[in-house]
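Here are my notes for you on the charged pairs. Have the model open while you read, and follow the points in order.

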Amino acid sequence: QVQLVESGGGLVQPGGSLRLSCAASGFTFSSYAMNWYRQAPGKERELVATITSAGGSTNYADSVKDRFTISRDNAKNTVYLQMNSLKPEDTAVYYCNTVLPTSDYGDSYWGQGTQVTVSS
């Protein structure tokens, strides 16, 4: 069974930092790209960052570029999102995601989410 479990969210002041973690199990973690999404109340879920299977390439939404860093430790089956210079508009539930070939067209898998609140 595929499982993704996020942790590390919380309340932080503007300009502060948080590091989110996503622990993965039930699949060969090192073979697949990983993604972070976020969703604020009443808003569409937004892709924040992606990382390739070996960690050699990353991509970011324009809104977080130069502030957030995605990384992974394949020995620990964990993907991270380091968030610096946080802004109130970063407030959202953050979700870990991967796409696996468990059907002919692939399936998206999601963690339960972790709340990030940026406020003074």
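1. Start with aspartate 90, which forms a salt bridge with arginine 38, their closest N and O atoms being 3.0 Å apart. A salt bridge here is a side-chain nitrogen of Lys or Arg within 4 Å of a carboxyl oxygen of Asp or Glu. Aspartate 90 sits in the loop between strand 8 (78–83) and strand 9 (92–100), while arginine 38 is in strand 4 (residues 34–39), so this pair ties together parts 52 residues apart in sequence. Strands are DSSP runs of E, at least two residues, numbered from the N terminus.

2. A word on where this comes from: it's a predicted model, where local features need pLDDT of at least 70 and side-chain atom pairs count only at pLDDT 80 or more, whereas totals for chains, interfaces and linings use all residues. Residues are numbered from 1 along each chain as its sequence is written, and side-chain values use heavy atoms, leaving out hydrogens and water.

3. Aspartate 90 also has a salt bridge with arginine 67, at 2.8 Å from N to O. Arginine 67 lies in the loop between strand 6 (58–60) and strand 7 (68–73), 23 residues away from aspartate 90. Both aspartate 90 and arginine 67 are buried (under 20% relative accessible area; exposed is over 50%, partly exposed in between, with a 1.4 Å probe and protein chains only).

4. Now look at arginine 38 again: its side chain meets glutamate 46 in a salt bridge too (2.9 Å, N to O). Arginine 38 is buried at 6%, but glutamate 46 is partly exposed at 31% relative accessibility.

5. Put together, Arg38, Glu46, Arg67 and Asp90 are linked in a salt-bridge network. Searching the whole structure turns up three salt bridges.

Definitions and conventions
Helix = DSSP H or I, 4+ residues; strand = E, 2+ residues; numbered from the N terminus.
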